Amino acid sequence: MELSKLFFDLIDVKRDIYQNADLFQQRRRDPNEYEQEFLRNSDYQAVDKLADFIKDISSDVDNWERQNSKFLNYHKSLNPHTFFNSIPIDHYIGLKTGLAQIQNKVVLDVGGGTGHFLSSFFRYPHSLQYFLIDPNVRLLHDQFVRMYPSLLEIPIGHIRSYAEDLPFRNNIADLIISSSAIDHYKDYKLFINEAFRVLKPNGKLLISSHLKGAKSGATKKKFSVRAIIEKGLRLLHRLKNGVAIDDHVQEFESTAPIIEKLKAKGFTIEQDEKFKQYFYILARK
Ligand SMILES: C[S@@+](CC[C@H](N)C(=O)[O-])C[C@H]1O[C@@H](n2cnc3c(N)ncnc32)[C@H](O)[C@@H]1O
């Protein structure tokens, strides 16, 4: 569909906060274009330009599959609250690490979900070669598209695979990102091994997420009827969509186990900050 037509159709449509999102496919590069330079092999299926490396449809449902199916309920019901609340966290990390400003780099977003980071985190998205890697094929919600139309304009490599087995050649990436995703992987240590292999020498790995049990930085709001109604509506929305309280495979109470693994693999830790109930670690190969 022409992009102008897409936005034309959105004009004057009164979007409710809790209505289900309209979903839009990312603008995907043809895998033939980047396969030679970046991929380890051509053992993938290309459907709608998605390079799909996942073949094993296992019959025994393990913990990852159970948590992942809960997560997909959450994804369905993602609403503008989630969006507006998480964006300042990403802006903070982008500014503190300086990564928001990078240009002309190869970036892998592992567990990248919808791929909104391309435009919500980076200030020069057009200059990046961005790859979205995720075992779930997640489309862009209309709130992202309204806010960051460049998400539908900039071509990306969209790859279906696991963090634990990245289908990339050695030494090809300048930056690997894992945002709110390390606690969803099956095995974060295998991901760190893979990130080391795929990064160029001096390439960087950014891992960020929340800390289990850490104090929220929110200041208490004054009592208001509006806030109570809003809270009730949010709760109803979550119940209606079957959103689980916890859809993580493993939550971290501290960054120590991640840092220990990064160092053991040979990474140098450049930054390690805990803030409010979140953290980020910036490591260099
Ligand atoms: C909470 S979302 C974060 C999405 C995005 N990075 C963001 O910050 O908005 C976690 C993502 O991890 C993905 N995921 C789950 N298991 C994974 C695995 N083994 N390897 C890579 N990604 C995985 C999920 O599909 C989901 O898109």
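Reply: Strands β8 and β9 (residues 199-210) run parallel and are joined by six bridges. Strands here are DSSP E runs of at least two residues, helices are H or I runs of at least four, and both are numbered from the N terminus. Two strands count as paired if DSSP finds at least two bridges between them. Ser 178 has Ile 207 in β9 as its bridge partner. From β8, the chain passes through helix α7 (residues 188-198) to reach β9, a right-handed β-α-β crossover. Right-handed means that, with the strands pointing away from the viewer, the path from the first strand over the helix to the second runs clockwise. Ala 173 also faces β9, opposite Leu 199.

This is a predicted model: local features need pLDDT of at least 70, side-chain atom pairs count only at pLDDT 80 or more, and totals for chains, interfaces and linings use all residues. Residues are numbered from 1 along each chain as its sequence is written, and side-chain values use heavy atoms, without hydrogens and water.

β8 has another partner. Strand β4 (residues 106-110) is parallel to β8, with three bridges between them. Here Leu 108 pairs with Ile 176 of β8.

Now burial. Seven of the seven residues of β8 (residues 173-179) are buried (under 20% relative accessible area; exposed is over 50%, partly exposed in between; 1.4 Å probe, protein chains only). The strand is therefore largely enclosed by the rest of the structure.

β9 leads onward. Seven bridges tie β9 to strand β11 (residues 278-284), in the antiparallel sense. Leu 206 sits opposite Leu 282 of β11.
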